[in-house]
Amino acid sequence: MAEFITTEQIEAHCKVIRQEWDRIKHDPSPRFSLTKHPGQSQCNQCRALMDKPKVCSACKMIYYCSPQCIKTGWKTHKVHCSAFKRDGEQIPKYKAVTKQFPWTDVGYNIYGHFNENFILARFGVLGTTRRKVGYWAAHGRGVLDEDLLDAPWCNLTETEGWRLPNEFIPTLALQNPDSCPTFPPTFDTNWTSYYQWRGLPIASPAAMLLHWPLSVYACLKELGLVSENAVGARRKLTVFYVGAREEVCLIPVFGELALLFPNTDLDLVIFGETTGHALRRAKGRGIKAHRPCVFDYTAPTACGGGTIRVFIDTGNPTYYCPSRERSEHPDVIVALNAGLGSCISWQHVILRSFEFDIPFVITDYCEACLVDVRQTMDLLHQVLTRAPKSAEEIRLQPVFKKILEEVQVGDVEKVCAALKRERPGKLNAFMQPGQKGDDCSKLGPGSRNACIQVITPVTKDVEAGVNTQ
Ligand SMILES: [Zn+2]
Ligand SMILES: [Zn+2]
């Protein structure tokens, strides 16, 4: 079970950052110096701090203090080494995403480390309270206490939610046809082009939140579910969005999808620990439905008239595992920043999506994360096909056996073939700008929604999973 930071801890951290920002904000080129270990790196093996680190000679990404630590660390590092190398080679691409925006400069400290919170501090939207910072609210374990339980999550106006100057807000109130983005949507696969299409100035930090709906879009595009030609019969698309956390604070931002899927009725059903938890508590305040609709939006006809409805599911607190009842299956399962290789509950979802051909696509922080997905699949394949060989396999097999019993894989051959399928990952041009900072080692670049991987491709005719009228 992942360790959660409490809201109090996050708020204390925000306070320190706001103070540092107040100190430097009048500098001609503000550079913060806040860092856990100023100018120092940390050994990936023994955690010693050092001024001049040695690096893994293969990937050149991981810091070590000594040849001894390199040797000891290799046992665990070797699995990820080549992926880290690839991630390292992609750093220029991450930087190219970030550099499109002038406001990302303040995210870099004097040592070159990145901290997105300085961008939020710069725009005055860093904090944990939804009433104060709207959609930007960051939460720990104490998510969705007072302010979110008072009302079903979506009652903020755009101004209250975005907390930015009006011209920086990707407004959905598009009454004036002149303000509508052109239809059908025409933009290249990069933020600059998207901003142009959307009529947003590049000075707007909206991408720091828009990467959520845009990553859903990129995932569906990867599956071939974005139709080039938006005319013709109206489509219905049901997307299960699994493992949500902070996204629950910014549900109206997903309204963007109505513009991106013209002529489509898109239902987004959100599953997540924080959402399920909140909804259970909210039941006392009048929310009775098992899967209430908490937000809906219809794009103007001039923009293609797409609709989106967002539902919250209470039944499966974190992960939705497809049942054997096919009528209950969505058209697609999407999981953003999934951590698919690091949480055991995902394996149920993976196996069922294989067996029932439910398209399943994820994003993660960097390609090195995808190595764990490969490992998980290899282990599942081993358990399904042969007896354990190594001590490690003997140790792990009971865990995987238990999962396989719970899932009751019917078509073993089909699932085995799916486990062995090649799954190349690719960078998501609509990742969150800025790198996920690591203060003390060069552990891959990484950003929210940085890379996309199709776990289960669309195998049947797309239209077959989509009701046309
Ligand atoms: Zn060391
Ligand atoms: Zn290495």
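Biologist: In which sense do β5 and β6 pair, parallel or antiparallel?

Modeller: This is a predicted model, in which local features need pLDDT of at least 70, side-chain atom pairs count only at pLDDT 80 or more, and totals for chains, interfaces and linings use all residues. Residues are numbered from 1 along each chain as its sequence is written, while chains are lettered from A and ligands numbered from 1 in the order in which they are written. Strands are DSSP runs of E with at least two residues, helices are runs of H or I with at least four, and both are numbered from the N terminus; two strands pair if DSSP finds at least two bridges between them. Between β5 and β6 there are 8 bridges, with Val-242 opposite Phe-271 in β6, and the sense of the pairing is parallel.

Biologist: Which residue of β8 is the bridge partner of Leu-266?

Modeller: β6 also pairs with strand β8 (residues 307-312), in the parallel sense over 6 bridges. In β8, the partner of Leu-266 is Ile-308.

Biologist: How many of the 8 residues of strand β6 are buried?

Modeller: A residue is buried if 20 or more other C-beta atoms, placed from the backbone, lie within 10 Å of its own, exposed if 12 or fewer, and partly exposed in between. Strand β6 (residues 264-271) is largely enclosed by the rest of the structure, because its buried residues number 6 of the 8.

Biologist: Is Cys-249 buried or exposed?

Modeller: Cys-249 lies in the loop between β5 (235-242) and α10 (256-260). Around Cys-249 there are 26 other C-beta atoms within 10 Å, so Cys-249 is buried.

Biologist: At what angle do the axes of α13 and α14 cross?

Modeller: Axes are lines fitted to C-alpha atoms, for helices over the stretch in contact, and angles run from 0 to 180 degrees between N-to-C directions. Helix α13 (residues 367-385) and helix α14 (residues 391-407) have axes that come within 9 Å. The two helices are roughly perpendicular (65 to 115 degrees), with their axes crossing at roughly 85°.

Biologist: Which exposed residues does α15 carry on the face turned away from its buried side?

Modeller: In helix α15 (residues 412-419), the buried residues are Val-415, Ala-418 and Leu-419. They cover an arc of only 100° around the axis (taken from the directions from the helix axis to the C-beta atoms), so they are on the same side of α15. The face turned away from that side carries the exposed Glu-413 and Ala-417.

Methods:
Parallel < 35°, antiparallel > 145°, perpendicular 65-115°, else oblique.
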